[in-house]
Amino acid sequence: MQNEVVKDIFDGFNDYLVKEQEMREQIREIVREIDQAAKEATIALQVIHSSLSVVSSACGTARAQFELCRTGFQKLAEVVPVGQFYRYNDHWHFMTQRIVFLVALTVYLENGTLVSRDTTAEILGMKTKQADGFHLDIEDYLMGVLQLASELSRYAINSVTLGDYERPLSISKFVADLNSGFRLLNLKNDSLRKRFDALKYDVKKIEEVVYDISIRGMRTTT
């Protein structure tokens, strides 16, 4: 009798574990689809470091991949049980940060502004409030924006190499504004705070590019 009771208990555990594994595998498959679209967007946007004439087309290609990401996130929203976002988000956590970075880079290249969290969520088909379900976590958005600063420091250097001496000036102001904005935050998340600490080095690298342009008399405006 005791053996049957124990068996019934562990049979129930086994059913739960099987269903849990099936759900996680389903999530991983969707995440792989989103990640592939993100990789394609990354490849498309990397050309900005080697050519000034392809920026617009690169952004268009990236936008098409964001639509695929949007579809993927909507699939995740259907699969992940209500109220269990943070139970499973380790599967898409870092990927989402990278996609936020790609969206932020695209928007910056298009109009020189910082994309808002609301707009980013809209592009990716996500909510902004946890109560509404599958959402864009604030810390994931902020981490993506910090990644943007690092990419722009590289872009500033390569712009000079390509003969664009004005772009580093606008990048410098933009990243300085980002730095000011982040300084307003009381950052408690360790990884976010460490990543923010690296922002000052991005600011410094860009300032050095601008300084070099200035002393060499390459600026066409004051």
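# Close-up views of a predicted helical model

**View 1. Helix H6 beside helix H8.** The axes of helix H6 (residues 138-161) and helix H8 (residues 190-197) come within 10 Å and cross at roughly 20°. Angles under 35 degrees count as roughly parallel, so H6 and H8 are roughly parallel to each other. The model shown here and in the other views is predicted. H6 passes H8 in a left-handed crossing. On the H6 side, the contact uses Glu139, Leu142, Met143, Leu146, Gln147 and Ser150. On the H8 side, Ser191, Leu192, Arg195 and Phe196 meet them. By class, this contact of H6 with H8 has five nonpolar, three polar and two charged residues.

**View 2. Helix H6 against helix H7.** The axes of H6 and H7 come within 9 Å and cross at roughly 160°. Angles over 145 degrees count as roughly antiparallel, so H6 is roughly antiparallel to H7. H6 passes H7 in a left-handed crossing. From H6 come Leu142, Val145, Leu146, Leu148, Ala149, Leu152, Tyr155, Ala156, Ser159 and Val160. They meet Arg167, Pro168, Ile171, Phe174, Val175, Leu178 and Phe182 of H7. The residues of the contact of H6 with H7 divide into 15 nonpolar, one polar and one charged.

**View 3. Helix H7 against helix H9.** Helix H7 (residues 167-183) and helix H9 (residues 199-215) have axes that come within 9 Å and cross at roughly 155°. H7 and H9 are therefore roughly antiparallel to each other. The crossing of H7 past H9 is left-handed. H7 contributes Pro168, Leu169, Ile171, Ser172, Val175, Leu178, Asn179 and Phe182 to the contact. H9 contributes Leu199, Val203, Ile206, Glu207, Val209, Val210 and Ile213. By class, the contact of H7 with H9 has 12 nonpolar, two polar and one charged residues.

**View 4. Asn179 in helix H7.** Asn179 lies in helix H7. Asn179 has a relative accessible area of 13% and is therefore buried, the cut-off for buried being under 20%. Leaving aside neighbours within four places in sequence, Asn179 is in contact with Phe196, Leu199 and Val203.

**View 5. The largest nonpolar core and Trp92.** The largest nonpolar core has 61 residues. Those with the most contacts inside it are Phe73, Leu76, Trp92, Ile99, Leu109, Leu152 and Val175. Helix H4 (residues 93-111) gives the most to this core, with 11 residues. Trp92 touches Ile27, Val31, Leu76, Val80, Phe85 and Phe134, not counting residues up to four places away in sequence. In soluble globular proteins, nonpolar side chains tend to be buried together.

**View 6. Thr106 in helix H4.** Thr106 is found in helix H4. Thr106 is buried, with a relative accessible area of 1%. Leaving aside neighbours within four places in sequence, Thr106 is in contact with Leu45, Cys59, Ala62, Arg63 and Phe66. Thr106 and Lys173 are 67 residues apart in sequence. In space they are 18 Å apart, C-alpha to C-alpha.

**View 7. Thr61 in helix H2.** The place of Thr61 is in helix H2 (residues 55-79). Thr61 is partly exposed, with a relative accessible area of 38%. Thr61 and Leu45 are 16 residues apart in sequence and 8.3 Å apart in space, C-alpha to C-alpha. Leu45 is also one of the contacts of Thr106.

**View 8. Arg87 in helix H3.** Arg87 lies in helix H3 (residues 85-88). Arg87 has a relative accessible area of 35% and is therefore partly exposed. Leaving aside neighbours within four places in sequence, Arg87 is in contact with Tyr16, Glu20 and Arg24. Arg87 and Lys173 are 86 residues apart in sequence and 39 Å apart in space, C-alpha to C-alpha.

Notes: Residues are numbered from 1 along each chain as its sequence is written. This is a predicted model: local features need pLDDT of at least 70, side-chain atom pairs count only at pLDDT 80 or more; totals for chains, interfaces and linings use all residues. Side-chain values use heavy atoms; hydrogens and water are left out. Axes are lines fitted to C-alpha atoms, for helices over the stretch in contact, and angles run from 0 to 180 degrees between N-to-C directions. Helices (H or I, at least four residues) and strands (E, at least two) are DSSP runs, numbered from the N terminus. Angles under 35 degrees count as roughly parallel, over 145 as roughly antiparallel, 65 to 115 as roughly perpendicular and the rest as oblique. A crossing is left-handed if the near helix is turned anticlockwise from the far one by less than a right angle, and right-handed if clockwise. Contact means heavy atoms within 4.5 Å. Ala, Val, Leu, Ile, Met, Phe, Trp, Tyr, Cys and Pro count as nonpolar, Asp, Glu, Lys and Arg as charged, and the others, Gly among them, as polar. A nonpolar core is a set of buried Ala, Val, Leu, Ile, Met, Phe, Trp, Tyr and Cys residues joined through side-chain atoms within 4.5 Å. Buried means under 20% relative accessible area, exposed over 50%, partly exposed in between (1.4 Å probe, protein chains only).
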